[in-house]
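Open the model in your viewer and keep a selection tool at hand.

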Amino acid sequence: MDKTAELNLLWGSILLEELARLGVQHVCMAPGSRSTPLTLAAAKQTKLKQHLHFDERGLAFMALGLAKASRAPVAIITTSGTAVANLYPAIVEAWLTHVPLIVLSGDRPPELLDCGANQAIVQPAIFGHYAQQVNLPTPDLQIRPEALLTTIDNAIANQTQPVHINCMYREPLYPGTMSADFTHYLSTLGNWQHTSQPFSQYAKAQLHSTPSSDALARFVHGKGVIVVGTLAPHEQPELIIELAHKLGWPILTDAQSQLRQHGAAIGNIDQLLLQPKAKSLLQQAEKVLVFGGRLLSKRLINYLAEQKWKSYWQVLPHQQRLDPSHTPKQIWLCPVNVFSQLAWPRSSQANWAVQLIELNQRLDSLFEQQIDQGEFGEAQVVRAIAMQTDKQLFIGNSLPVRLYDMFAPTTATMASIYTNRGASGIDGLLATACGIAAHKKQPTTLIIGDLSQLHDLNSFAIAANHNGPLVIVILNNDGGNIFNLLPVPDEKLRSEYYRLAHGLEFGYAAAMFGLAYNQVDDINAFNEVYQEAINHQGTSVIEVNVAQDQASSQIAQIAAWIKQS
């Protein structure tokens, strides 16, 4: 009797069970035949929440969002061929930002590769160095199940980046019955079948490198600044506020720091670096303490690169090189909460930059007058959302995240901020936001540009299945108008080769997927429909139509005022 289909399913079941024991909570699946042993195993898994989507690229980005929100590995199941290749953009993003994704790809057996067999490509190492490889053989009774388990445990325990587990299966793939008896084959697993623990239980890898008390005392002697780059909500960035109070140094915050809108931070640093008084004051700094990396503001990046630092410390959770300027520095590998709560002495130059507070507040007033009370536009909408939402906010790339970084208001309560700024692509943004929204079903807002939304139109299908508050705010300026801010040689080139005006609107697309839709062209209408949407138990689309040059003209005008102040 041919046991191939049943043995395939047994291996798939062992694999999915072990992943659940290793902390996986979600499995994202696309339909396909060669991955049948994995799909059937996932379908009967009661410990994993299943998510399905027909587009593998969107599926992978949804998994990325689920992994960010759950802070746990997320499994992705695809069939063979280009289905696997469609995962590549999300895998790159996950690798660069240390998000643990687990790709389980069904594959042809070795004898069907490179011989003209259907849907067969070379899948091992398809993601290059952007994923750790685990290439499983075809299921075989001569390979002990404990070898399969220890292989998975070794790859997934303490995982912080993508892992690709390639699973070769011979046909038949669909078991007609489950009559095969694998009792003897499984007998060597011992208590694993009767417990809920992984077969190999690895201790949690923790690396804490911290300075001595003497080093702390030397470092805080002088004028210093704290720069907060990209941090996840769970990293307790609010403890950096307490540290800044203790030291008496100002905090300069990035859009992705979770502290951009905090009243005790210098949130408007991107624009302050245009202001002569603020820039002159900041040039007095001798020491810098950087939490995280991947800064958005080029002005802040240039400030860090050009300043002649006597001491430059950077705190990271993993060993990475996150400094394009290659400035000499001391890098501490340590969680934010541990490093912030060391026995820090007060700086000998505490409150040396207190004037920054007043200058920062002046910009708050300027933005309120010139943006909130000014013409309807993209910055006005971004600020309105940032003032109203206090749950989850996903900000798209290109203009949206830059507008938030430049002009976000100071507020008493703040949302958890999410972005895809590893590779900073415009693909998969809606799918990622759907994944973030799906984990806990907290009210979630996505701010996305029109080209980004066109790029991820299929993910409206994921959004249509969401049953919590999810608001998709599309800033439609008819093309890639981020290029208005860049030094393209002339307007004809800018228009024909960069902006790519399309003349499209999203009402019919929303209707096609059954999504609630509103189009607005003034701030009162936006605020009204946004409040309705954020309280709606489902997905809503709000399209904001603005002129092509509205945001770029406003950015230039505000910059001119700041430079003259």
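**Stop 1: the largest cavity**

In this predicted model, start with helix H1 (4–21), which gives the most to the lining of the largest cavity, with 3 residues. Strand S6 (163–168) also supplies at least two residues of that lining. The space has a volume of about 40 Å³, and its lining divides into 9 nonpolar, 1 polar and no charged residues.

**Stop 2: the second largest cavity**

Next select the lining of the second largest cavity, including Leu 231, Glu 235, Phe 291 and Cys 334. About 30 Å³ of space lies there. By class, its lining has 8 nonpolar, 1 polar and 1 charged residues.

**Stop 3: the second largest pocket**

Move to the second largest pocket, with a volume of about 800 Å³. Of its 36 lining residues, Leu 399, Arg 402, Ile 482, Leu 485 and Leu 486 are the closest to the centre. Helices that each supply at least two lining residues include H12 (298–306), H16 and H23 (550–564). The lining comprises 15 nonpolar, 12 polar and 9 charged residues.

**Stop 4: H15 against H16**

Finally, display H15 (residues 378–388) with H16 (residues 399–407); their axes come within 9 Å and cross at roughly 70°. That angle makes H15 roughly perpendicular to H16. The crossing is right-handed. Which residues of H15 meet H16? Glu 378, Ala 379, Val 382, Arg 383 and Ala 386 do, against Leu 399, Leu 403, Tyr 404 and Phe 407.

Conventions. Residues are numbered from 1 along each chain as its sequence is written. This is a predicted model: local features need pLDDT of at least 70, side-chain atom pairs count only at pLDDT 80 or more; totals for chains, interfaces and linings use all residues. Side-chain values use heavy atoms; hydrogens and water are left out. Axes are lines fitted to C-alpha atoms, for helices over the stretch in contact, and angles run from 0 to 180 degrees between N-to-C directions. Helices (H or I, at least four residues) and strands (E, at least two) are DSSP runs, numbered from the N terminus. Angles under 35 degrees count as roughly parallel, over 145 as roughly antiparallel, 65 to 115 as roughly perpendicular and the rest as oblique. A crossing is left-handed if the near helix is turned anticlockwise from the far one by less than a right angle, and right-handed if clockwise. Contact means heavy atoms within 4.5 Å. On a 1 Å grid over the protein atoms alone, a cavity is a set of points where a 1.4 Å probe fits but cannot get out, and a pocket is an open set with protein on both sides within 12 Å along at least five of seven lines; lining residues have an atom within 4 Å of a point. Grid points are joined across faces, edges and corners, and a volume is the space filled by probe spheres set on the points. Ala, Val, Leu, Ile, Met, Phe, Trp, Tyr, Cys and Pro count as nonpolar, Asp, Glu, Lys and Arg as charged, and the others, Gly among them, as polar.
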